[in-house]
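Hi,

Here is the structure I promised to pass on. Have a look at it first, and then read my notes below.

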Amino acid sequence: MTTIREMTVADLPEVFAVRISTVENNVTLRELKDEYGLTPDSLAASMRRSAKGWVFEIDGKIVGFAMGNCESGEMTVIAVLGKFERRGIGEKLLMQVTNWLFHHGHDEVWLVTTPDPSFRAYGFYQSQGWIATGEIIDEEEKFVFRKP
């Protein structure tokens, strides 16, 4: 059975386990903390302010998640376990967060990803209608998606 549901603070250990297990753009817990300031505690604090996320479960196990920030209009993260890629999970999670950001008054939402078109993420976002802007932010390219 598959489910998409709103992420809770109780999900954070499993969410972090998914994030460090991705095939492409893999990071460690130390890198998340040292380079991005992300820990379960900091993410829980963000969730109490302006961040919200959704998890995709298969038989009660989180296999993917995505989050956004309603203040900035940023799609902040999307991650799916490698063995569950190419099943439409990322598309569904991306749509969930994008619609939530639109609901919060953003006519254009954004994200950053690798500027290297050989990475799957680059092509994935383009296939979902996101537009590469050419603007580089901290070595990543900004993509935008406009409300239909």
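Let's start with helix H1 (residues 12-19), where Leu-12, Val-15, Phe-16, Val-18 and Arg-19 are buried. Buried means under 20% relative accessible area, exposed means over 50%, and partly exposed is in between (1.4 Å probe, protein chains only). Looking down the axis of H1, the buried residues fall within an arc of 155° (taken from the directions from the helix axis to the C-beta atoms), so they line one face of the helix. An α-helix has 3.6 residues a turn, so residues three or four places apart point the same way. Helices (H or I, at least four residues) and strands (E, at least two) are DSSP runs, numbered from the N terminus.

Before you go on: this is a predicted model, where local features need pLDDT of at least 70 and side-chain atom pairs count only at pLDDT 80 or more, while totals for chains, interfaces and linings use all residues. Residues are numbered from 1 along each chain as its sequence is written, and side-chain values use heavy atoms, with hydrogens and water left out.

Arg-19 is a curious one: it is buried but has no salt bridge (a side-chain nitrogen of Lys or Arg within 4 Å of a carboxyl oxygen of Asp or Glu). The nearest side chain of opposite charge, Glu-140, is 7.5 Å away (Lys and Arg count as positive, Asp and Glu as negative; His and the chain ends are not counted). Leaving aside neighbours within four places in sequence, the contacts of Arg-19 (heavy atoms within 4.5 Å) include Phe-65 and Val-77.

Next, strand S7 (residues 140-146): 5 of its 7 residues are buried, so S7 is largely enclosed by the rest of the structure. S7 pairs with strand S5 (residues 108-113) in the antiparallel sense over 6 bridges, and pairing takes at least two bridges found by DSSP. Strand S6 (residues 131-137) also runs antiparallel to S7, joined by 4 bridges.

And which strands hold the two ends of the salt bridge between Glu-108 and Arg-146? Its closest N and O atoms are 2.9 Å apart. Glu-108 lies in S5 and Arg-146 in S7, so the pair ties together parts that are 38 residues apart in sequence.

In total the structure holds 6 salt bridges. Another one joins Arg-5 and Glu-57, with the closest N and O atoms 3.0 Å apart. That pair links strand S1 (residues 2-6) to strand S2, 52 residues apart. Arg-5 is partly exposed at 26% relative accessible area, whereas Glu-57 is buried at 12%.

Cheers
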